[in-house]
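Subject: Structure for your files

Hello,

Below is the structure I said I would pass on. My notes on it follow.

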Amino acid sequence: MNAIRLPRPIVNQLLHLAQKSPDEEICGLISRDSRGFRNCYPVPNQAGDRKRFFALDPRAQIDAMRAMRERGEELAAIFHSHPDSPPLPSLADVEQHEYPAVLYLIISLGTKGVLEMRGFHIHGHAIEEVPIGLQEEPVR
């Protein structure tokens, strides 16, 4: 499978968001249009235990989806972080995944200070890792 190329500014934003909140899972959405990945939309985590779970705030998720629509974008990826565990989908991640057509990105902070991000497609309980690469040139 070919690597999915994420623009460096989006990757940098994701890693920065995870570093800013090292003790709880961050989460949000990433959009795309006909030219590729476009914008990162951080969404507050409203889970009861934000250290081990994430739940997108419904109002902020709706606002992000509306902004995408107004910009001619669509949902391309859902991201969240794992403060203390590897960047692999947990059972809760798999059971709560509702968008099988989008990329699922997990950022890990639990690897001895080294940030790691991996991508997945989740269909039911089937998990397929998707190689992630950097898109160096800006998409106009």
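I start at one helix end. D57 caps the N-terminal end of α2, with a side-chain oxygen 3.3 Å from the backbone nitrogen of R59. The term polar contact is used here for a pair of N or O atoms within 3.5 Å; within protein, one must be able to donate a hydrogen and the other to accept it, and residues adjacent in sequence count only if both atoms are side-chain atoms.

Before the rest, the ground rules. The model is predicted, so local features need pLDDT of at least 70 and side-chain atom pairs count only at pLDDT 80 or more, while totals for chains, interfaces and linings use all residues. Residues are numbered from 1 along each chain as its sequence is written, and side-chain values use heavy atoms, with hydrogens and water left out.

Helix α2

Helix α2 covers residues 58–70, which is 13 residues. From first C-alpha to last, α2 reaches 18 Å, close to the 18 Å expected at 1.5 Å a residue (the expected span is 1.5 Å times one less than the number of residues). Helices (H or I, at least four residues) and strands (E, at least two) are DSSP runs, numbered from the N terminus. The buried residues of α2 are A60, Q61, A64 and M68. They cover an arc of only 105 degrees around the axis, which puts them on the same side of α2; the arc is that of the directions from the helix axis to the C-beta atoms. Buried means under 20% relative accessible area, exposed over 50%, and partly exposed in between (1.4 Å probe, protein chains only).

The buried residues of α2 pack against β2 (27–33), β3 (36–43) and β4 (74–82), where contact means heavy atoms within 4.5 Å. On the face turned away from that buried side are the exposed residues R59, R69 and E70. Just after α2, G72 takes a positive phi of about 75 degrees.

Helix α1

Helix α1 (residues 8–20) also has a one-sided pattern of burial. Its buried residues are I10, V11, L14, L17 and A18. They cover an arc of only 130 degrees around the axis, which puts them on the same side of α1. P9 and K20 are exposed and sit on the face turned away from the buried side of α1. The helix has 13 residues and reaches 18 Å between its end C-alpha atoms, close to the 18 Å expected.

The cores

A nonpolar core is a set of buried Ala, Val, Leu, Ile, Met, Phe, Trp, Tyr and Cys residues joined through side-chain atoms within 4.5 Å. The largest has 19 residues, of which L14, I30, F37, F79, L105, I107 and M117 touch the most other members. Two or more residues come from each of α1, β3, β4 and β5 (103–108). α1 gives the most to this core, with five residues.

Leaving aside neighbours within four places in sequence, M117 is in contact with L6, V11, L14, L105, I106, I107 and I132. A second, separate core of 17 residues includes C27, L29, A60 and V94.

The chain as a whole

There are three helices and eight strands in the chain, in the order β-α-β-β-α-β-α-β-β-β-β along the sequence. The radius of gyration is 14 Å, close to the 14 Å that the globule rule gives for 140 residues, so the chain is as compact as a globular protein of that length. That radius is taken over C-alpha atoms, and the globule rule is 2.2 Å times the number of residues to the power 0.38. Of the 140 residues, 43% count as buried. Among contacts between residues at least 6 apart in sequence, 63% join residues at least 24 apart.

H121 is in strand β6 (residues 116–123) and is buried, with a relative accessible area of 18%. Beyond its neighbours within four places in sequence, H121 is in contact with V102, L103, A126, I127, E128 and V130.

P83, in the loop between β4 and α3 (91–96), is buried at a relative accessible area of 4%. With neighbours within four places again left aside, the contacts of P83 are P22, D23, E24, E25, K51, L109 and G110.

S34 lies in the loop between β2 and β3 and counts as exposed at 80% relative accessibility. S34 and R50 are 16 residues apart in sequence and 34 Å apart in space, C-alpha to C-alpha.

Regards
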